[in-house]
Amino acid sequence: MTLNRSRRPGQRLAFSRVAVFAVAAIAFGAGTVVAMMLYENIRTRKEESRHTAVRIAAIDETTIDPAEWGKNFPRQYDGYKRTADNAKARFRWSDGRPPEDALHTGAGESKADEGKAESKLESNPRLKTMFKGYAFAIDYRERRGHAFMLDDQRDTERVKQRPQPGACLNCHASNVVAYREAGLEHGAAGALSDPLHSETGLEQLFAGWEHVNQLSYADATALVSHPVTCLDCHDPDSMRLRITRPAFMEGIAALAASNEPLPHLPSIEKWRRGNRATPYDANELAGRQEMRSLSCAQCHVEYYFKGDQKRLTFPWLRGLKMEQMEAYYDEVDWADWTHADSGTRVLKAQHPEFELWSQGIHARSGVSCADCHMPYMREGAMKFTDHQVQTPMAHVNLSCQTCHNYTESEIQSRVDQIQSRTKAHLDRAEIAVVELILAIRDAREAGATDAELQSARALHRKAQWRADFINAENSMGFHAPAESLRIIGEAIDYARQGIAEVAKLRPKQVAASGGREG
Amino acid sequence: MAEPESTSQQPATRRARVARASLAVAVLGALVGSFAAAVGYTAHYASATSYLSDDPTACVNCHIMNEQYDGWRKSSHHARATCNDCHVPHDSFLHKYYVKAEHGYRHSKGFTFQDFHEPIRLTPYSREVVIGNCVRCHDAMTQEIRLAAHGNTPVAHDDPAGLDCIHCHAGVAHGPTR
C-alpha cells in the first residue's frame, strides 16, 4: 500500500493503461480462439457429411476377416463387435419377468454353466417335458448376441451329446468362402475370386453347401473360423446387401411360386404378375428396403433337414403362416422326433421370426428388421446403420420414436403389455400341452394301443407345434401380437381336446392321473 | 523507482507517450480486426446469411433435418408452403426473427455440442407456432371446428381454439421420408 501511495499519478495511469490493454488483448485473443474452435467444429461436420467411408483395405470375395472390412468401415465394425455386449432383452420369455426381478436360477454358477447363457430348461421346467427324447431336453439356453453364435453352437450339449450334421453350420458361421472352397474341391468351375452372384460363384456355393450339409458337425465346423461376418450380408464390391444362403434362395423361390398373398414383399407380388419364366431371385428383384429384412430371413426362420442329404429346407411351399408350414410337414410326413413319453411324432419350431413378423402390422407397413434392430445412428453429420444387432428396447428413441411420437416410457409399456399378454397365455398353453403329454403317457402305461391313441397324438402334435412356435420365436408375440394369441389359443384348444380324447378311452384311469403335472 | 519521464511534462516524454498510446491502439485494432475476421469468416463458412432467408435448403445445411426435408418434398404442402411458412410466426417481423434466432441458437448449440435428442422433436412452443400457421392459411375451412372447440362462441380468425391440427394431420407437410 505504501508503495502504491508513493507512486505518482502518471505512473498509475500508465499501469492502468497496460492493464486495460492486457485485458482487451486476452479477451479478443480468447474470442478469436473460440471463433476458430467453432470454425474447426463446423469444418469437421462438413467433412463428415462428405465422407462416409475411406477405402484403406482392399476387400474382395475372399476377405472373411471382419477386422479387414472394419478398417474401411470402423463405425459399422465397432457395432458388430459390440454384439458381444448386447443388452438383455427386457422381457425374457423363460421367466416372464424383466431381468431386474428375475429369480436367480443358478445358471453361470456351476462349472458346466460358466460363461454360458442362462438355461431355459432350468427357468421353465415344462420344456423338459415337452422336448423329452429330443436334444432340446438336454441343453436349451437363452439367446445371445451374434458374436456368440459359433462358440455357443460348438459348445452346446445338443451338439456334443447328439451327433448333428454339417447343415447346422448354415446359420452359425461365416460360411460363404468355406462353401465355395468345398464346392471347388468337388468339381465346381471357376475361382474363389469370381463374384458370388456369377454362374460359377453360385455353382461353387451350391456344390459346397450340398457337400458340407452331409458332413459331421465336427468336420464341418473345422472349415470355418468366424461367426457371421460382413461378406455374408454385403457384396464386397458395392457393399449392397445380398443373399448368400442357398436354402433361402430355394425357400423364397418356392414361397414366391405359392399363392399366398405377400403384400409386405412387393418384389414378389411384382414377379408373380410377370411370366415367371425364371424363379424369383431376391438378389435381382428385391428392393433395398426388402433386403433389409430378407438378409435376416436367411437364418431367423423355421427349417428342417430334408432327406439323407440333410438338405437344409424352409417349409414355405404353401406360405409363411404357422399352419401352412405344418401342412407342408404333414404332407411330407416329417417329424423332428418321437416324443419319449407320449410316443407322438412331434415337430420342433426353430426361431420363426421372419414368418411371425410377416403376419404383423410392422411388416405390413413396410418396416424392415433393420429399421428396429439396426436403426440409423448419427455421429456428427454422419449417418450410419447400427451394426450392434439387438433388441430395439435398448434404443427405443432410434427404433420406435422415428415413427411413434410418444415418450419412451409409453412405448416401453405398450411393448410390455403385448409381451405380458402373450406370456400369460403361452404359460397356459404349455401347461395344457404338458398335461396332455402326461395323460397320453399314463394311458399308454395303462395299456392303451397306438390305434386308440391316434387322435390324441394328432392333437398333441398340433398343440405342441403351436405353443413351441411362439415359445421359440424370439419376440414374445411382439412381431405379430394378434397372430401370436391366435396361435396360442389354438394350442390351448388342441391340447384340451387331446386331454378329452384320452379321457374317452379310459375314464377311470385318466380321472386318477390326468391333469397332474409332473 | 525514479523515472525521468514521469517526473515532468517535457515534450519528448509526451511524444513518447503518444507514440506508445498509438502503438497500443494499433495493436488493439489488429486484435479486434483479427477477432472480427475470424468471426466473420466462420460465419461465412457456416453460410450464416442463408439463415436470414426463407430458402428451405438453409434448413438442411447441417444435414440433421435431411429426413424432414425429403419428407416435405414429397408432401402435399410442398407446392404451397416452405419451412418458414409453418415453422416461424408471421404476425410481426420482430416475432418472426425472434423465433428464428431462438431456433438458431438452440440448433447450433445442439449440433456443436452434439447433445440433442434423437429423433429430433418439435418443442411445445414450436408446435404452437405450427398450429397457428395451419389456422392462418386454413381459417375459413376450419372455422366451424374452431367455433365448436370454442364452446360455440365467436372465435378470432387466427385462433386455433386449443385444437392440435397436427395430432391428426401429421403427414400433410412431411410425407414419407424413405
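Predicted model: local features only at pLDDT ≥ 70, side-chain atom pairs only at ≥ 80, totals over all residues.
H9(A) itself runs over residues 176–185. Seven of its ten residues are buried, so H9(A) is largely enclosed by the rest of the structure. The buried set is made up of Val176(A), Val177(A), Ala178(A), Tyr179(A), Arg180(A), Ala182(A) and Gly183(A). As for what covers them, these buried residues pack against H10(A) and against helix H12 of chain A, which spans residues 230–233.

Two packed helices are described by the angle between their axes and the distance between the axes. For H9(A) and H10(A), the latter covering residues 199–214, the angle is about 90° and the axes lie 6 Å apart. An angle between 65 and 115 degrees counts as roughly perpendicular, and that is why H9(A) is described as roughly perpendicular to H10(A). On the H9(A) side, the contact is made by Val176(A), Tyr179(A), Arg180(A), Glu181(A), Ala182(A), Gly183(A) and Leu184(A). H10(A) brings in Glu203(A), Gln204(A), Leu205(A), Ala207(A), Gly208(A), Trp209(A), His211(A) and Val212(A). Sorted by class, this contact has eight nonpolar residues, four polar ones and three charged ones.

Gly366(A) sits in the loop between helix H19(A), residues 361–364, and helix H20(A), residues 369–373. With 15 other C-beta atoms within 10 Å, Gly366(A) is partly exposed. In sequence, Gly366(A) is 73 residues from Ser293(A), yet the two C-alpha atoms are 9.9 Å apart in space.

Stepping back to chain A as a whole, its secondary structure comes to 25 helices and six strands. The radius of gyration of chain A is 30 Å, whereas the globule rule gives 24 Å for 518 residues; the chain is well over that value, so it is more spread out than a compact globule. Along its principal axes, the C-alpha trace of chain A spans about 125 × 60 × 50 Å. Of the 518 residues, 42% count as buried. Looking at contacts in chain A with a separation of 6 or more, 67% of them are accounted for by residues 24 or more positions apart.

Finally, there is the contact between the chains. Chain B puts in 21 residues and chain A 27. On the chain B side, helix H2(B), residues 11–45, and helix H5(B), residues 93–113, each supply at least two of the residues that touch chain A. H2(B) gives the largest share of that side, with ten residues. By class, the chain B residues touching chain A divide into twelve nonpolar, seven polar and two charged.

Definitions and conventions
Residues numbered from 1 in each chain as written. Chains lettered and ligands numbered in written order. Axes fitted to C-alpha atoms, helices over the stretch in contact; angles between N-to-C directions. Helix = DSSP H or I, 4+ residues; strand = E, 2+ residues; numbered from the N terminus. Parallel < 35°, antiparallel > 145°, perpendicular 65-115°, else oblique. Contact = placed C-beta atoms within 7 Å. Nonpolar A, V, L, I, M, F, W, Y, C, P; charged D, E, K, R; others polar. Rg over C-alpha atoms; globule rule 2.2 N^0.38 Å. Buried ≥ 20, exposed ≤ 12 C-beta atoms within 10 Å, placed from the backbone.
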